[in-house]
Amino acid sequence: MLRWVLVPVLALGGALAATAPARADVTAAPARTWGVGPATTTSASKGVPRVLAILPVGDRVFVGGTFSSVIDPSGVSYPVKNLAVFSATTGAADLAFAGGTNNTVTSLATDGSGALYVGGTFGTVNGATRKGLAALSTSTGALLPWSPSVVAPGQVDALAYSGGSVYAGGNFTALTDGGTQSAPYAAKVGGVDGAVDSAWAAAPNDRVRALNVAAGGTPRLFLGGDFTSVSGRSSTNKLAAVSLLGGVVDTVFRAGPTNQGSYAPIFDVTSDGTSVYTATAGSGGACAALDIGSGALRWSAHSNGNMQGVRLFGGKLYCAGHYGGTGSFMGQTRNKLAAVDPATGALAAFAPSINSSQGPWALAADAKRLYLGGDFSKVARVAQPHFAMWLDSAATGVPQPPTRVVAAPGNAVVHLSWAVPSSDGGSGLQKYKVYRSTSPGGQNLSRSPLVTLSKTTRTFDDTAVVNGTTYYYVVQATNALGGSAASAEVSARPSGTVQVVPPGPPTSVAATSAPGDNHLQWNPPATDGGAPVTAYQVLRGTTPGGEGATPVAEVGTTAYDDSSDVVVGTTYYYVVRAVNTAGPGSASAEVSATLAPGTPGPPTLTATVVSGPSVQLQWTVPTTGGSPITKYTVLRDGVRVISLTATPSGPTTWTDVRPVSGVHEYQVRAANAYGNGQLSKKVTVTVP
């Protein structure tokens with residue numbers, strides 16, 4: 001499983017691709033946009049899906065990793081395979097983009113002229129053989145005739161482009177063009193013909209995890225990773241500069257120690273005209289700045305977890321990693337993402353909360369936006385699955401219009417429904433406004449709406465209608481900055497003869513087995529039967545066509561994780577039904593998945609202060625993940641206090657004897673042969 005990821009830098013003509021820098025601070029919370037899926041409550045803690053690489057190219061934002069869908073803000077999923085593209089302006093995925101891989105995408109780069117270079121652990125792209133490297137059309141996702149390959153074992157961790165060549169770093173044995181092979185760990189290949197440049201002389205002695213074309217000055221490429229030397233130069237420990245043309249080591253650049261005096265592995269690198277910035281692992285982790293010419297250390301900001309990404313945006317340096325808690329970054333409380341002054345390292349006030357134990361794995365920026373990818377499902381309390389977009393605060397605006405607006409006629413009623421806009425414009429949604437007319441295009445958004453509804457209401461029954469008259473509707477979304485453009489117009493003609501019937505079958509149903517549960521996702525039916533769909537029923541069986549009449553679940557979203565009363569190694573068969581006021585509709589096409597073992601689910605924890613004073617904890621036995629629970633671990637204030645050997649029935653209680661006075665947070669997690677399970681929700685108690 002990949003543990004580190006680099007977000008490559010786009011460079012053209014031997015220099016860093018420049019965009020006009022934003023100068024305002026980013027918004028405190030990201031825009032609510034599309035993300036990647038599955039977006040369930042448990043997926044963030046399992047590491048699947050995971051965004052590992054982000055590359056903005058104009059208005060298109062390419063995202064790679066390990067995921068099986070993109071998901072809109074209403075929760076509707078659309079199948080993709082480890083590679084997606086979003087609009088920076090609208091936040092929506094380009095569902096016509098045809099690129100996809102059979103395994104993880106770890107790195108991305110582009111020539112700026114229509115080619116997207118993709119690196120990773122895959123063996124096929126768009127169904128054709130490509131081993132770890134491929135090139136696709138940035139506009140369509142079609143496979144291009146560029147086919148250097150990774151020589152097993154190993155993978156590509158980082159890509160960069162400059163001057164007609166693609167540079168690759170990783171833990172690979174070699175890259176090959178079918179004849180010539182490169183040296184291990186770092187290689188240069190032609191951007192058009194894919195020919196390996198065997199004369200390129202950079203020769204690191206271990207894995208390369210980051211590449212960055214130096215900003216300004218001489219044409220150099222920064223390499224970061226696990227190596228202790230490049231081309232035998234002892235001064236090239238973990239970070240080195242080599243020439244783009246020949247790969248010769250720049251002996252003037254001698255990188256200083258980036259993490260509390262130590263030379264720890266480098267996971268990401270970026271640069272400006274004065275400094276090169278690193279994301280460093282080691283004893284905790286660190287964000288650091290070094291002189292771009294000499295490599296002398298300017299400053300280093302320590303954290304309590306590996307640093308995964310560094311990016312410059314709006315006059316600040318953003319540092320993303322697996323840190324969190326009190327004193328977690330520079331002695332201050334930050335949760336996986338922080339901003340510092342790039343010249344001095346002084347900490348800025350920016351402090352969003354990011355859920356999941358690890359959080360960020362990829363960081364990128366363009367002229368107006370900062371992008372983050374990883375394991376998370378919420379950022380600053382915004383439900384944003386695995387991919388987030390912050391706007392320069394000067395670039396925020398009104399929302400995009402509501403989508404998928406439907407008007408269904410009834411007897412003296414028109415049933416309206418719609419989906420959440422593809423982006424809230426960087427400011428949280430406030431209201432929906434419905435406008436009506438009896439002529440096409442006759443709605444006037446400058447006048448009072450037919451009705452104003454809360455941001456959580458996406459249906460409306462218009463009963464002030466006359467049977468036999470056709471009505472035309474648009475819906476507008478609002479935030480603190482104003483109202484969106486009108487949605488697409490819809491119409492309906494109520495009639496006394498209209499009858500609501502059950503909805504059609506859900507479409508695009510898919511089932512995959514994540515460790516410990518079977519994940520189902522689907523799209524709404526093509527027809528709602530004349531009334532909005534209010535729920536979905538999941539039916540399950542252990543033989544084809546053997547689904548029972550009683551649903552195993554009824555949910556209000558288009559996804560479900562089946563982890564209750566399921567047995568590892570058993571193949572389960574599923575159908576899904578949509579429900580409206582007329583009842584459940586016909587079943588979807590059948591899908592199946594064989595449950596794979598995984599880690600346990602979260603216990604349900606309660607805590608009581610008893611005499612002593614002590615804290616008595618009690619929890620439920622969670623789902624096992626298909627493997628017996630071997631221990632329970634109790635955490636107090638984020639720190640393990642005890643591990644308890646488990647039996648099939650417990651233990652389910654433990655007493656913390658005489659903890660110090662004050663407010664404490666407790667959590668419990670179970671473990672099995674596959675690792676630690678999910679933490680319970682935090683329980684807060686006050687000890688007198």
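Two rings of Phe, Tyr or Trp count as an aromatic pair if their centres lie within 6.5 Å. This predicted model holds 15 such pairs.

**Stop 1: a stacked pair.** Select Trp 34 and Tyr 78. Their rings are stacked, 5.4 Å centre to centre, with 20° between the planes. Now look at where each one sits. Trp 34 is in the loop between strand 2 (15-16) and strand 3 (35-37), while Tyr 78 belongs to strand 7 (residues 77-79). The two are 44 residues apart, so the pair links distant parts of the chain.

**Stop 2: a cluster.** Select Phe 313, Tyr 318, Phe 350 and Trp 390. They form one aromatic cluster.

**Stop 3: salt bridges.** The structure holds 14 of them. Start with Asp 157 and Arg 207, whose side chains meet at 2.5 Å, N to O. Asp 157 lies in strand 15 (residues 156-162). Arg 207 lies in the loop between strand 18 (186-190) and strand 19 (208-213). This pair also links distant parts of the chain, 50 residues apart. Both residues are buried.

Next, select Lys 188 and Asp 197. Their salt bridge spans 3.8 Å, N to O. Lys 188 is buried at 9% relative accessibility, whereas Asp 197 is partly exposed at 26%.

**Last stop.** Select Arg 298 and Asp 291. Their side chains form a salt bridge of 2.7 Å, N to O.

Methods:
Residues are numbered from 1 along each chain as its sequence is written. This is a predicted model: local features need pLDDT of at least 70, side-chain atom pairs count only at pLDDT 80 or more; totals for chains, interfaces and linings use all residues. Side-chain values use heavy atoms; hydrogens and water are left out. Rings of Phe, Tyr and Trp (its six-membered ring) pair if their centres lie within 6.5 Å; planes under 30 degrees apart count as stacked, over 60 as edge-to-face and the rest as tilted. Helices (H or I, at least four residues) and strands (E, at least two) are DSSP runs, numbered from the N terminus. A salt bridge is a side-chain nitrogen of Lys or Arg within 4 Å of a carboxyl oxygen of Asp or Glu. Buried means under 20% relative accessible area, exposed over 50%, partly exposed in between (1.4 Å probe, protein chains only).
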